[in-house]
Structure formats: C-alpha cells, structure tokens
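Dear colleague,

Please find below the structure I am handing over to you. My findings follow it, beginning with the ligand site and then turning to helix packing.

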Amino acid sequence: MHNGADHWEKEQTDNNSKKKNMKKKLLVATGGGDCPGLNAVIRGIVKAAKQTSEWDVYGSIEAFNGVLKNPPEIVKLNKRVGGIHVKGGTIIKTTNRGNPFSFPVQGENGKTTKKDLSGDLVKKIQDLGFEAMINIGGDGSQKISQQLFEKGLNIIGVPKTIDNDLSATDLTFGFTTAVQIATDSFDKLVTTAESHHRVIIMEVMGRDAGWIALHTAIAGGAEICLIPEIPFKIDKILKRIKKRYKKGKGFVNIVIAEGAKLKDGEVVGKHAKDGDENIKLGGVGNQLRALLEKANCPAQVRTTILGHTQRGGTPVAFDRILASAMGVKAFQMVTAKEYGKMVAYKNNALTTVTLKEAIREYNHVAKDHYLIDTARALGISFGD
Ligand code: F6P
C-alpha cells in the first residue's frame, strides 16, 4: 500500500496518455495521533464519492508530508477501502511532525530548521488538480485546516481524538473504543488488586481532559478517580483508602488521567526530543504511588500505565458507525462546497460548524457535569 510515489506517477501517466480521467479529485489526509475509526472515515468518504461517479479520492501519505514530498506520495483510494472500517490505525499513515506552517527542513549542514511551507502546500494541492481536501484530525490539525482555509484551500475538517476534547462535537470517534480498552484493563486490575489486598493505580490518556478517566472509573467501579479538572490532595486520597481497608474491603482501584495534578502542583510530563512540539504527558501514576508510599499507605501500591494500547486495535461498533457517518457527511459537505467547516456530532445528529468555532474552546469536563455527580453518588472520590 505504501508505494505512494510510484503509484502517483503511474496515475499521472495513465491520465496523460489516455486523457480519460475527467473526474474531480478529492484529497484526504489523517494528521496527529492515530485513533480507532480513522479507516472507517476514509471508507465512508470513498464509498460516498463512488456513488456519484464524479469523484476520485486520493490520500496524502503521513498527513501533509505526502503532498510536500518530491515526487508527491499520494495514493488513489477508490479501490483500497474494502473492509478497512474494522481495522485500527490509518491506511494513509499519520504524523505529529508535519505542521506545514512550521515544517522541519534539514539544511546542508545537517541542522533542522522550521520553515513555513504553507504557501507551497496550498499551491501544490491546487496544481495537482485537487478540487478540495478533507483533513481528519484533532484540535491541532483543525487549527492548521483553518489557517489553510484562510490561504484559499477548499478544506473540510473531520474531528478525531480518543481524548474527546473538542467542544464543537459531543463525541469524537475513537473515544468509546479507548474507554472500552481502559475498562477491560481496569477489570483485570481489580481481580489482582483483590487477591493481593493492594492499591492499584491505572493511568489513562486524555491529555488535559478527564473524559477517559471519568468514564472508565464509572464503568469499572473505581474507588478513586483523578482528573485534570479537579486537582487532588494526598490526604483526601489516603482517607478514602483507609476507610476502605477499615471496612475489611482490602483493596482499592484508582483511575488517574495523565493530565491530573496535585493541588498547587504541575502536570507530569516532558518534551520528547523527537520533533513533536507537544509536551508528552505521562508518569503521574508513578508520582502518586511514591507519594502514597511516603505517606504510609496501609497497603502495597502498584501502577499500570496503559499508554498507546488505548489507541490501538479494532474500533468498537459505535465508533465504526460514527466514523462512517462522519466520512459520508464530510463528502456531502465537499459536494455542497461547505468549505472552512468541520463535521460535528451534536444532540444525536450530524451537523457542521465553522473551523473557527471548532477550535475556539477546549472541551474540559465541567465540574457540574452529570457524570461527576453520578460518580460522587456512587462513592467515587475525586481526591478533593
Ligand atoms: O491525543 C491523543 C493522545 O493519545 C493523548 O491522549 C496523549 O497525551 C497523546 O496523544 C500521546 O501522543 P503521542 O502518540 O505522540 O505519544
């Protein structure tokens, strides 16, 4: 599948020699972290396009990098989408190092500098004959979509993230799969915590939002749930643990979001030296373990960091359905020329929002969200 450049050149040759391809051309890219459901979106776009017999759909390999390469690494997708909705990942690959406004370029001295290649990118997409583009990505990718739209590109966004942190849409595909994976792991950690009378901390992803942690804590039946939106205190957590041991129920399962932090503390993470501009969150579960041990926790404490397992594997049925619907909707937006907009899922229906609106606000868990209330009523402590 990955031999994009060869394929692209062959495509061009075919087109030139036979002069038969009068169809309109649509470009698709997946950017940022991968997420279960990306392939279902791609399949939705291609299948909807096929129905019209007027469009050919192409994929840029590794987000915008495929367009910027010489020759471009772009593949025709028309015949490549059979059954892919079941597969995790993305058949056209992705990267978090492909921001065209700050693109890493290696100079002759071997040093990498950042260059704004956005103008070249827009021109190249247009010169290659693409009428429009669909960019499937999270908030970072949709910020880029908006900037490219302002530069004259006919672009449409499809929201993607396991974190569910885009406020313009009630849900993003991939989130439900991530919660299922986390819940399955949580269930396993409960039986081992029970056998050993241990406190087991499970750290989940979610960036600056506690959605995955909150949903998993309720689904799994955690005693304690720690999220970025509610800073925690060690004495409160210890109190909850001691109460549980006193009652003879000698084990505790904690879910902690990677972005959770101590009251008056900082998030735990660091910048990777791999060109990714975002801070890599991770390790707060180990920090909590050390703090509990120091505070004479009445039991052994262990930490499990789930990491990228939450993004892998096959999407659950709901995510396949939501992703397919978003793909079809995005294609319909292309035919209606609704450029500069993003697909959104609101009140059990698909709708559109401007990209500007879509990137305006981060979707934090509100302290009065009904699931916070549910969790508290179920006896889950937020460590506050
Ligand atoms: O945004 C999705 C996400 O999985 C976050 O939950 C996590 O913080 C981050 O991406 C991890 O990024 P990377 O794949 O670059 O390590």
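In this predicted model, a polar side-chain atom of E258 lies 2.5 Å from an oxygen atom of the ligand. The side chain of K280 places an N or O atom 2.7 Å from a ligand oxygen atom, and for H308 the distance from a polar side-chain atom to an oxygen atom of the ligand is 2.9 Å. The residues around the ligand also include N96, I162, D163, M205, G206, R207, D276 and R311.

Two helix pairs may also be of interest to you.

Helix 2 (residues 38-52) and helix 10 (residues 317-335) have axes that come within 7 Å and cross at roughly 40 degrees. The two helices are therefore oblique to each other, and helix 2 passes helix 10 in a right-handed crossing. On the helix 2 side, the contact is made by A40, V41, R43, G44, I45, A48, A49 and T52; helix 10 contributes R320, A323, S324, G327, V328 and F331. By class, this contact has eight nonpolar, four polar and two charged residues.

Helix 6 (residues 175-196) packs against helix 7 (residues 211-220) at an angle of about 45 degrees, the axes being 9 Å apart. That angle makes helix 6 oblique to helix 7, and the crossing is right-handed. From helix 6, F175, A178, V179, A182, T183, F186 and D187 meet W211, I212, H215, T216, A219 and G220 of helix 7. The residues of this contact divide into eight nonpolar, four polar and one charged.

With kind regards

Note on methods. Residues are numbered from 1 along each chain as its sequence is written. This is a predicted model: local features need pLDDT of at least 70, side-chain atom pairs count only at pLDDT 80 or more; totals for chains, interfaces and linings use all residues. Side-chain values use heavy atoms; hydrogens and water are left out. Axes are lines fitted to C-alpha atoms, for helices over the stretch in contact, and angles run from 0 to 180 degrees between N-to-C directions. Helices (H or I, at least four residues) and strands (E, at least two) are DSSP runs, numbered from the N terminus. Angles under 35 degrees count as roughly parallel, over 145 as roughly antiparallel, 65 to 115 as roughly perpendicular and the rest as oblique. A crossing is left-handed if the near helix is turned anticlockwise from the far one by less than a right angle, and right-handed if clockwise. Contact means heavy atoms within 4.5 Å. Ala, Val, Leu, Ile, Met, Phe, Trp, Tyr, Cys and Pro count as nonpolar, Asp, Glu, Lys and Arg as charged, and the others, Gly among them, as polar. A residue is near a molecule or strand if one of its heavy atoms lies within 4 Å of it. A polar contact is a pair of N or O atoms within 3.5 Å; within protein, one must be able to donate a hydrogen and the other to accept it, and residues adjacent in sequence count only if both atoms are side-chain atoms.
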